Amino acid sequence: MRRISQYAALLLYLVFLAFPLIWMLSTSLKTPQEMASLNPAWIPREPTLANYADAFGEQDLVGAGLRSLIVAVASSFLTVTVALPAAYALARYRGVLKRIALGWVLVSQVFPFILIIIPLFMVMRELDLVNSLTGLVAVHVTFTLPFALWMLQGYVRSVPRELEEAAAVDGAGRMRAIAAVVAPLLAPGVVATLLFSFISSWNEFLFALVVLKDPDVMTLPLTLVRFTGPEGVARLGPLAAASLAATIPSLIFFAIIQRRLRSGLMAGAVKG
Amino acid sequence: MGKKLALAAVAIAVLATGCGGGGTGKSSDGPVKLDFLSLAWQKESVEANKAIVEEWNKANPEIQVTYVQGSWDNVNDQLVTSFEGGDVPDVFHNDSPALAGFASKGYLLDLKDKLPASLRDDIPQAAWDTVTFDDGSGNEGVFGVPFLQESQVIIANKKLLDEAGVRIPTPAEPWTWNEFGEASKKLTKDGTYGVAWPMKSPVNKVLNLALNFGGTFFETSGGKTAVKVGPEEKAVLQRIHDQLHKDKTADPSALGMGTADPLPGFFAGKYAMLPVGVYLRQQVAEQAPDGFEWVTLPPLKGTTSNQGAVSQTLSVPADSKHQEQAVEFISFFLNGKNQARLAKGDWLLPTSQEAASDPSITSPENGWDVATASAKDLVVAPFLKVNGYDEWKSKVATPVLQEFLANKISLDEAAGKLVEEGNQVLERYQR
């Protein structure tokens, strides 16, 4: 009985989580008339692919998706590459510098992005990075890095120091110990951080809006917003179709690495 | 693992660089390249914009325009960053309230003496007034070309009107507010409300309609602007309130809705009439169930039929490197013929008098004849040139009007708050 209620609760939770996606799918298949019905139905009465035809016909969703993918993958890998050694140093070394560094990482999260957007734009312009995906990757890495660093140093701390000491007793130098002992144990944490960085970059709108100018370099969030008008009015059908299509790469990414993510989250949760 | 990760990161970074686009593509040789930031978003409107740009590019190989589609929700953040950073679009689409702030900061080119006479003369002075602002140093300039405007009309269920036997108003003989009230009473029966007032954002709508009775909400004396709420300003508010709470001919549950939200109820016969902007006809035409008959009724008349209006505009940034060419492009883009195409695409009213007589936007189909005729009563919205209006609107007027319309405070209390708290806000902008 208890098990049944657990499954029922789990099912309800799943429905709760999936509701926006299912509603988006349903909306994307409805005609404008059906969308304006006073009694909305889950299953479209006259399913249509016209919204998908409009969304893909009017906007370069495939190109924008590809650019978003490049930016998100590049940003997430660069973020982890930079954050990992820094996280190790912060987790393993003691001293005033460590406290200052960690404090600074936290402080950097306090600034509202809108405050720094103009100075950032001017810096990007001086570096000739406006209107390029490289520039956007640089911005995403910069702004994802503090939280990624914070996440990763938690994972490093969860790896018992004694394991490295045991490796040292066996004759391994510090680098060898890190490569052979720490790195494999950190893999789940790295995956979780990669995922966080990927999603942050994939969804990011404001920086992309000011950094990217030409239509042929714009990313997916900038393309999706073109289906909306003033005062919250939107072309719901094409917007739902395009948004659903934009969600699919994230879902695939999650599906591929969810097993590692799960173990990663647990690894970070308990200090060894 | 670290080594693999680093290699992957470098490889991807190189890939990103390769796909980067890099720079605006402007070169000192070859044609001048203009970036045109457009906010068109309806399918037909985007198509019309792109088609006009294409025609221009074909006819002007020396001045090539790149069409860039932006969005209304974020355009001002995008523009401020561009203005401050010095990397601006050469022509941009916006609305006149936004231009006031940009002009006072010196971001915009004054177009006063730069536009051809044909364009200047084709657009009435009332529309030019919506883009004439102080440039921040005490001089008035024209900081955009107004091209699309919106009036408030009434979209009604034809069958219910016929059944109730009410007179169908025409542009020559519009309903007065009293007739509208009486018609709403006749239409309210059998679970149907005569009218739904979607008032999620009530301020601009109330202020624009208040001009029907001469209500301006602001008065300027000795260089200082203050809020005023007298009998003229109260007239429309009182009438809407009466429909909601005295006559009970307006559905109170529609009050919190956005403009398009009552459409399902309208199609289902829950409301007979919707007082809304002309652009909503597009959604009605697209979403109405088969066989649903609807009509567009002309704006209501108080002591006059005047309504306040702002304009959609095209402007040139002061930092544009190709100002002359940008003005040339705007003059082409907004000629009478093209304005008719743009108005049709957006279901709005053109400012061009030539466009206003175009058969495509004067036919009875989808209420175009009534909508286009309503443009003659549009005057500059009284709030357009009030410094601090945006803050007054969001911090004072919106909550106060919502409380009043929800019958939580009296009209006198609402008026007192609008004036007292409003003047405190305006005071800060006039020091």
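The model is a predicted one.

- B:Asp190 sits in the loop between α8 and β8 of chain B.
- Its phi is near 50 degrees, a positive value in a residue other than glycine.
- B:Phe217 is not a glycine either, and its phi is positive at about 70 degrees.
- The loop that holds B:Phe217 runs between α9 (202–210) and β9 (218–221) of chain B.
- B:Phe217 is buried, because 26 other C-beta atoms lie within 10 Å and the cut-off for buried is 20 or more.

**Helix α8 of chain B**
- Helix α8 of chain B covers residues 177–187, and its buried residues are B:Phe180, B:Ala183, B:Ser184 and B:Leu187.
- Down the axis of α8(B), these buried residues fall within an arc of 105 degrees, so they line one face of the helix.
- An α-helix has 3.6 residues a turn, so residues three or four places apart point the same way.
- The packing partners of the buried residues of α8(B) are α7 (158–164), β8 (193–195), α10 (231–246) and β11 (271–277) of chain B.

**Contact between chains A and B**
- Chain B brings 44 residues to the contact, and chain A brings 48 residues.
- Elements of chain B that each supply at least two residues to the side touching chain A include α2 (43–59), β2 (63–69) and α12 (280–287).
- α1(B) gives the most to that side, with 10 residues.
- By class, the side of chain B that touches chain A has 20 nonpolar, 18 polar and six charged residues.

How values were computed
Residues are numbered from 1 along each chain as its sequence is written. Chains are lettered from A and ligands numbered from 1 in the order in which they are written. This is a predicted model: local features need pLDDT of at least 70, side-chain atom pairs count only at pLDDT 80 or more; totals for chains, interfaces and linings use all residues. A residue is buried if 20 or more other C-beta atoms lie within 10 Å of its own, exposed if 12 or fewer, and partly exposed in between; C-beta atoms are placed from the backbone. Helices (H or I, at least four residues) and strands (E, at least two) are DSSP runs, numbered from the N terminus. The arc is that of the directions from the helix axis to the C-beta atoms. Two residues are in contact if their C-beta atoms, placed from the backbone, lie within 7 Å. Ala, Val, Leu, Ile, Met, Phe, Trp, Tyr, Cys and Pro count as nonpolar, Asp, Glu, Lys and Arg as charged, and the others, Gly among them, as polar.
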